[in-house]
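Open the model in your viewer and keep the selection tool at hand. We will go from stop to stop, selecting as we go.

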Amino acid sequence: MTDAVRVRGLRKHYQGSTAVDGVDLDIAEGEIFALLGPNGAGKTTTVEILEGFRKRDAGEVRVLGEDPQRASRRWRYGIGLVLQSASDMADMTVAETVRHFARYYPDPRPADEVIDLVGLTAKAGAKVRTLSGGQRRRVDVAIGVIGRPRLLFLDEPTTGFDPEARRQFWALIRLLSAQDATTILLTTHYLDEAETLADRVGVIAAGRILAVDTPAELGGRATAEAEVSWIEDGTPRTLRTAEPTAAVRELADRLGPEIPHLAVRRPSLEDIYLDLIGSPQ
Amino acid sequence: MTASTTERPAPIERALREPSVVSLCAARAGVELRQFFRERTAVIFTFALPVVLLVLLGSIFDKQIAGSGIPASQLLVAGMIAAGIGSTCFVNLATSITSDREDGTLKRLRGVPMPPIAYFAGKIVLVLVTAAAEVAIVLAVGMAFYDLPLPADATRWATFTWILLLGVIGCALLGTAMSSVPRSVRAAAPIVNLPFLILQFVSGIFIVPLTTLPAPLQQIGALFPLKWMAQGFRSVFLPDSAAAMEPAGAWEHGRIALVLGAWCLGGVILCLTTFRWQGRKDG
């Protein structure tokens, strides 16, 4: 199995500060990989280096087998980008926009099919400037996938979406991933988004990768202590334990048959993430 | 890495037709023209400005220039053709590239397999079309209201063509270079318009004949292409006796070609050294 992305010892400095400080990263073909990190962690810089927008200071980078810094136009045929906050093509219609970007690729998907895929068929004749934020974002996705990319970059794709639009967007990404085994590199601030979409998650802070694992296993999550909470004698109690079942059984014996306000909570991805980046909870 | 179990169809060898550079240039030109002409208000103001200026100035300079028998308004028309090219090629192009940089157009285009020449080809077609329309409108107004005679001989039309082309290319290159100066599209209009306004003033677009301007202003104007374009267009549309009203007392076609050519060359160098695909905040 070849890797879609392979990064070793990536470094990038700006005047006086180190944005990326020795990042190693492997993303397998067909994988959905989420890169998480606070603002200023080096997330955007890393992704922009992989996208070929920025030059690195040191390290080895291979994206679809090529160095993005020296990559050819042909390399771009395999790359799809969904960038943050673009507002271009405002006076073109949705259909014109998608058709225009189809022209850059040797083997594009049919424009109508892509417009349908992103759910904009009813808006195909509407000018892009008249779309809502979520619809505008779907045009970006349509442009990103029109060339049948092998690797798709999604940069904070659902920022500003309402919950329903977000769920529709997730369904779309899963569909794309399943259809063509497109490799997807996602950056996001939403932990639920990473958990629901990603095969693996990487956490980056201060320019370094702190952990890479599946959402279920990240940072020892699967074996982490659970939190059992209940109400006893009118006061809320909590207990952290590696054996929550035993704790509940003991509570049921003591307070049963129904334990008041019982809740057993495994650490969420967010708890693990905040732990990893050293943020006080 | 665990092996993925995703079943993939055997790769089908498709007959891949790589998009040709020419077809992508045409595609960009189509987008540029459609985007420009769909912005109705901008279109109206772009084409109305020189006409309004011409009518206003024509009502001030409504006499013949002493001792020449040539109506001042005809000098204005020739100058306004030059100013129209400056406004479509320099002002509008600079603003539109600044806007492309800000709204994500340039970043998006860098991220798709587009040969960079296609972007510039699209802009070239846009400025050629808008400059030609602007020139046609000013000429039509000049003929309708100020009895501007169209030249009958081919030599004059040849002069018209090379001055038009050198003027368009020079102004467009300077507009492209200028687009890197404003930090945002909101700052672009004042930053680009103020120097252009001053330039029109010292190039004798608003005040005719040019020699009525103080000499230092004339000398500043002579450093830039606009003055030479206006002088060239006067040589096309006015009788040769009008050359006496030029600062040198002659049309100076050789010098016009030299100055405009030098600006084209300088413009290329400026563009190559200053053009940025990304905004300042993107680094």
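Start by selecting B:Asp100. This residue is buried, because its relative accessible area is 10%, and buried means under 20%. Keep in mind that the model you are looking at is predicted.

Where does B:Asp100 sit? Select residues 72-102 of chain B: they form helix α3, and B:Asp100 is found there. Now show its surroundings. Leaving aside neighbours within four places in sequence, B:Asp100 is in contact with B:Glu32, B:Thr105, B:Leu106, B:Tyr119 and B:Lys123.

**Next stop: the cores**

Select B:Ile85 and B:Phe233. They have the most contacts inside the largest nonpolar core, which has 120 residues. Which element gives the largest share of this core? It is α3(B), with 16 residues. In soluble globular proteins, nonpolar side chains tend to be buried together.

Stay on B:Ile85 and display what it touches. Not counting residues up to four places away in sequence, the list is B:Phe90, B:Val135, B:Leu164, B:Gly167, B:Val168, B:Met229 and B:Phe233. Then select A:Val5, A:Ala19, A:Ile49 and A:Leu151. These belong to a second, separate core of 27 residues.

**Next stop: chain A as a whole**

Select chain A and switch to a cartoon view. You can look for 9 helices and 12 strands. The C-alpha atoms fill a box of roughly 70 × 45 × 35 Å along the principal axes. Chain A has 281 residues, and 52% of them count as buried.

Colour the charged side chains next. Chain A has 36 positive and 42 negative ones, and the centres of the two sets lie 7 Å apart.

Now colour by domain. Residues 3-219 of chain A make up domain 1, and residues 225-265 make up domain 2. How far apart are the C-alpha centres of these two domains of chain A? They lie 43 Å apart.

**Last stop: helix α9 of chain A**

Select residues 269-276 of chain A, which are helix α9. Its buried residues are A:Leu269, A:Asp271, A:Ile272 and A:Tyr273. What covers these buried residues? The cover includes β3 (32-36), α7 (191-197), β8 (200-205) and β12 (263-265) of chain A. Finish just after α9(A), at A:Gly278. This glycine takes a positive phi of about 75°.

Terms used: Residues numbered from 1 in each chain as written. Chains lettered and ligands numbered in written order. Predicted model: local features only at pLDDT ≥ 70, side-chain atom pairs only at ≥ 80, totals over all residues. Heavy atoms only, no water. Helix = DSSP H or I, 4+ residues; strand = E, 2+ residues; numbered from the N terminus. Buried < 20%, exposed > 50% of the residue type's maximum accessible area, 1.4 Å probe, protein only. Lys, Arg positive; Asp, Glu negative; His and termini not counted. Charge placed at Lys NZ, Arg CZ, Asp CG, Glu CD. Domains from an automatic or database assignment. Contact = heavy atoms within 4.5 Å. Core = buried A, V, L, I, M, F, W, Y, C linked by side-chain atoms within 4.5 Å.
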